[in-house]
Amino acid sequence: GALYISSGSTIDVYESTFDSNSAMAGAALYLWSCTVSLTSCKFEDNTATDAANAIYISGGVTINITDTYVNYTERVGTSTHVEDGLDYAHASGSKCRAGNYGNCELVGSTWSCATDECHPCPHGKYSKAGAGGESECLSCQIGRYSNETATKWCSVCGAGSYATTDARDTDGDGVLSGATFCMLCPQGKYQPDELSYLCSDCTSGKSSARGSTNCTACSSGKYASSTGSSECVDCESGKKATSFVAADDCTKCTSPFSSSEGSTNCSLCKETYFMKGGTCHSCPSNTKCPLGTSVANIVVNSGYWRVG
């Protein structure tokens, strides 16, 4: 084989390639009762006739493998582990930066990582430094999102908005995790807090514009009869709002009283009546009384004149 390390030895191997070696056992490395650290190494196309194409371990070996690709390893009676030092966030030990992941495989009880191979985490996910595989790209948590690849953290979705996976989403109902977009709450909904995936409906009697953090009560003479209203509308002529503000309905005036559009009370007389002393009276013959007529402005038909 390429390298034989025996009892009591301690050796560090850096940035080395073991390629196309052959032996009965441990074609690249034969380790016996020693301590070995492999950093940024590569083992490929090594062939053993009996056991362990790449590394043969026997007799109480401690081996630390970091950022190293091993295509095959067989171990016999060994205590192995992977260094989890300051430069690496995970035991897999890839040297990929945060937002990326390496190509690492668990070989026996030791991680093996391909050198110089890093891939970006997809949209809606992030990773810490040293991620050894795509499974270590974590989904953005509730109310956070990432619309880029290779993200080391997810952005906060602010108040008046919600986290979702579809840029065309307009219903205000997003996703709990893995969001890729932060969208404004639609009209008729609101969200007072950041870190949310859901916008709430405005209650009846209130409305909201797009991206609202609260709902606004309907003003005097206007109403919103249902939840989730995008705007408040005027009460029709002949009706009045059920409350001065935040009305959820309009009620019909009691005849012969009436109202103009957008009213909160029925203080006018309907058509064919006129107001006198707070009471509605029938319009006299040969006159016209449009909505809201008072005794002073009764319309006299052509050819007639008013007396008194």
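Reader: Which residue stands opposite Ile 11 in S6?
Author: Val 36 in S6 stands opposite Ile 11. The model is predicted, with local features requiring pLDDT of at least 70 and side-chain atom pairs counting only at pLDDT 80 or more, while totals for chains, interfaces and linings use all residues. Residues are numbered from 1 along each chain as its sequence is written, and side-chain values use heavy atoms, leaving out hydrogens and water.

Reader: How are S2 and S6 paired, and over how many bridges?
Author: S2 and strand S6 (residues 35–39) pair in the parallel sense, over five bridges. Strands here are DSSP runs (E, at least two residues), as helices are (H or I, at least four), numbered from the N terminus; two strands pair if DSSP finds at least two bridges between them.

Reader: And what stands opposite Asp 12?
Author: Ser 37 in S6 stands opposite Asp 12. Ser 37 also stands opposite Asn 64 in S10.

Reader: How many bridges join S6 to S10?
Author: Five bridges join S6 to S10, and these strands run parallel. The open sheet has three strands in the order S2-S6-S10, with parallel pairing.

Reader: Which are the edge strands?
Author: Strand S2 (10–14) and strand S10 (62–66) are the edge strands, each pairing on one side only. Neighbouring strands of this sheet are turned by 10° against each other on average, direction ignored. The axes are lines fitted to C-alpha atoms (for helices over the stretch in contact), and angles run from 0 to 180 degrees between N-to-C directions.

Reader: Why is S6 described as largely enclosed?
Author: Four of the five residues of S6 are buried, so S6 is largely enclosed by the rest of the structure. Buried means under 20% relative accessible area, exposed over 50%, and partly exposed in between (1.4 Å probe, protein chains only).

Reader: What about the largest nonpolar core; how many residues has it?
Author: The largest nonpolar core has 17 residues, and among those with the most contacts inside it are Leu 38, Phe 43 and Ile 63. Strand S5 (29–32), S6, S9 and S10 are the elements that give two or more residues to this core. Such a core is a set of buried Ala, Val, Leu, Ile, Met, Phe, Trp, Tyr and Cys residues joined through side-chain atoms within 4.5 Å. In soluble globular proteins, nonpolar side chains tend to be buried together.

Reader: Turning to Ala 52: where is it found?
Author: Ala 52 is found in the loop between strand S8 (47–51) and strand S9 (55–58). Ala 52 is buried, with a relative accessible area of 2%.

Reader: Now electrostatics. How many salt bridges are found in the whole structure?
Author: A search of the whole structure finds three salt bridges, each a side-chain nitrogen of Lys or Arg within 4 Å of a carboxyl oxygen of Asp or Glu. One of them joins the side chains of Asp 201 and Lys 189 (2.6 Å, N to O). Asp 201 lies in strand S22 (residues 200–201) and Lys 189 in strand S21 (residues 189–190), so this pair ties together parts that are 12 residues apart in sequence.

Reader: Is Lys 189 buried or exposed?
Author: Lys 189 counts as buried, at 18% relative accessibility, whereas Asp 201 is partly exposed, with a relative accessible area of 38%.

Reader: Which residue meets Arg 168 in a salt bridge?
Author: The side chain of Asp 166 meets that of Arg 168 (3.3 Å, N to O). Arg 168 is exposed, with a relative accessible area of 70%.
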